[in-house]
Amino acid sequence: MFVNPPPTSSGPAELLQTPESWLPNEHSLYRPRHSRRQRTALTCGLVFFFVPVLLLAVGVRTEPFENRPLREFPGFGDGWSFFTGLSGWATDHLPLRQAAVNAADGVSTGVFGDPPGAAAGAQDSTAGIPSKGRVPKGPQAYPPVIVGKDGWLYFGEDMHTRCEPVMDLDRVIMMLNRLRQAVEASGRRFELVFAPDKSTMKPAQLPDQYAGHDCAPPRTAEFWGKVPAATRAIDLRGSLADTERRLGRSVYVPNDTHWTFEAGLTMTYAIAQAITPGVTATWQTKESGTRPWPADLERLLGRPVDRSLRTYALAPDGGADRTRYLASDFKTPLRLTQPDDARGTLTPNMAVVADSFTQFASPFLAATCRDLTIVHTDTVAAGDDGTLKNLFEDRDVVVFEFVERNVVGGSSVLFRDDAIDRLARVLAQTPR
């Protein structure tokens, strides 16, 4: 490293030992210390590192927009994982990242014709399609979002659970019937209902080729041909198709994996009729407005888009609307009651063990059940004896709602011997 002023001599020997940037400008070996390209690169680097810091200083914050929380700052006690996790944290918390992703996606789709969400990391629908005779392995072999026809999007996990099941269907049936036995042995009534996947009800909009196109449809057909009958479950497919014919529109939408409030209302009618035949005779429903709802498949692509859902009023006695639209993921149990003199309601004390699809039925269950508890499957599976006793000791009817993808491959957290044994033990201690 040179720390002294450049030598004044310009003899050949001295020039060979002189840094190139200190040579006379006219010398053939002269090379400036900071060229225009170097200064441009330095300026870009300063902008890249310091503009985000300035934006943070003036209050610009990054909000989650990819259907997941932002990564937390890695702990210094994580060892080498601190360094590998630092990049993800910095990327997630980069100010204006959402705007950049949306702009890149617009260019990718509009200019280059890529599938929607390609700039946000979505894979092409054909990603993971194996060569002939091979089956893709692992969740990474399936895109998180499958881009279908006419702008329809599908959840890639639908295909993963079918093509790589953790249980065969005979064992799935056994686990569901063990749940039934645990409930019924305690003197309670058991009802089981499956929420069909969007890919089951709307297969026509799937692309011609996608990861799992050879193995998913046969598993779907086998599931519906075998499991509902063997477990005495409520099969909603026909009722949902009837609802669509009456409405003249689909009860699933292009940009979300869930169904709509119309489908939730259909499920409520089916459950009520199974528990108390004829109870729905006095029910009156009518449209009551719209509500925004996050479109989850759009969020998986990094686009915070809402869908507008039609809402409905339900009067069990044909008079007052008793629906309640309450936001809940049911991880904390939701308890809802009606007055004892409410006519047209289901009188048994009910518990619904549910997933996110019941969110679209909860307003109508709230309107039509005299005493109702809705609790998430995860909470029941992880619950200790005290939690389960509080949930079920005064319940007369227990309804289990499973979205198809969680049962078709046997991946539900309730399909564990210890979870079912614990539930059976607690119910037996508090018989009805």
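Arginine 219 is found in helix H8, where helices (H or I, at least four residues) and strands (E, at least two) are DSSP runs, numbered from the N terminus. This is a predicted model, in which local features need pLDDT of at least 70 and side-chain atom pairs count only at pLDDT 80 or more, while totals for chains, interfaces and linings use all residues. Residues are numbered from 1 along each chain as its sequence is written, and side-chain values use heavy atoms, with hydrogens and water left out.

- Arginine 219 is buried yet has no salt bridge, and the nearest side chain of opposite charge, that of glutamate 222, is 4.8 Å away.
- Buried means under 20% relative accessible area, exposed means over 50%, and partly exposed lies in between (1.4 Å probe, protein chains only).
- A salt bridge is a side-chain nitrogen of Lys or Arg within 4 Å of a carboxyl oxygen of Asp or Glu; for charge, Lys and Arg count as positive and Asp and Glu as negative, while His and the chain ends are not counted.
- Not counting residues up to four places away in sequence, arginine 219 touches Arg162, Pro165, Met167, Asp168, Leu169, Val408 and Gly409, where contact means heavy atoms within 4.5 Å.

**The disulfide and the cysteines**

- The structure holds one disulfide, a term for a pair of cysteine sulfur atoms within 2.5 Å.
- This disulfide joins cysteine 163 to cysteine 215, with an S to S distance of 2.0 Å.
- Cysteine 163 lies in helix H5 (residues 157–163) and cysteine 215 in the loop between helix H7 (198–201) and helix H8 (216–231), so the pair ties together parts that are 52 residues apart in sequence.
- The torsion about the S-S bond of cysteine 163 and cysteine 215 is about 95 degrees, so the disulfide is right-handed.
- Cysteine 163 is buried, with a relative accessible area of 13%, whereas cysteine 215 is partly exposed, with a value of 22%.
- Cysteine 369 is buried, and its relative accessible area is 0%.

- In helix H9, which covers residues 237–247, the residues Leu240, Thr243 and Glu244 are buried.
- Seen down the axis of H9, its buried residues fall within an arc of 100 degrees, so they line one face of the helix; the arc is that of the directions from the helix axis to the C-beta atoms.
- An α-helix has 3.6 residues a turn, so residues three or four places apart point the same way.
- The buried residues of H9 pack against H7 and helix H10 (261–275), while the face turned away from the buried side carries the exposed residues Arg245 and Arg246.

**Positive phi angles**

- Most residues other than glycine have a negative phi, and most peptide bonds are trans.
- Just after H9, glycine 248 takes a positive phi of about 80 degrees.
- Arginine 232 has a positive phi of about 55 degrees although it is not a glycine; arginine 232 sits in the loop between H8 and strand S4 (234–235) and is exposed, with a relative accessible area of 55%.
- Phenylalanine 330, also not a glycine, has a positive phi of about 70 degrees; phenylalanine 330 lies in the loop between S6 and S7 and counts as buried at 1% relative accessibility.

- Isoleucine 173, placed in helix H6 (residues 169–184), is buried, with a relative accessible area of 11%.
- Leaving aside neighbours within four places in sequence, isoleucine 173 is in contact with Lys226, Val227, Ala230 and Thr231.
- Isoleucine 173 and valine 407 are 234 residues apart in sequence and 9.3 Å apart in space, C-alpha to C-alpha.
- Proline 333 belongs to the loop between strand S6 (306–315) and strand S7 (334–337), and proline 333 is partly exposed, with a relative accessible area of 37%.
- The C-alpha atoms of proline 333 and valine 375 are separated by 4.5 Å, although these residues are 42 apart along the chain.
- Proline 333 is in contact with Thr373, Ile374, Val375 and Leu391, leaving aside its neighbours within four places in sequence.

**The chain as a whole**

- The secondary structure of the protein chain comes to 16 helices and ten strands, and of its 432 residues 45% count as buried.
- Among contacts between residues at least 6 apart in sequence, 68% join residues at least 24 apart.
- The protein chain exposes about 21700 Å², of which carbon and sulfur atoms supply 55%; accessible areas come from the Shrake-Rupley method with a 1.4 Å probe, and for residues only the protein chains shown count as cover.
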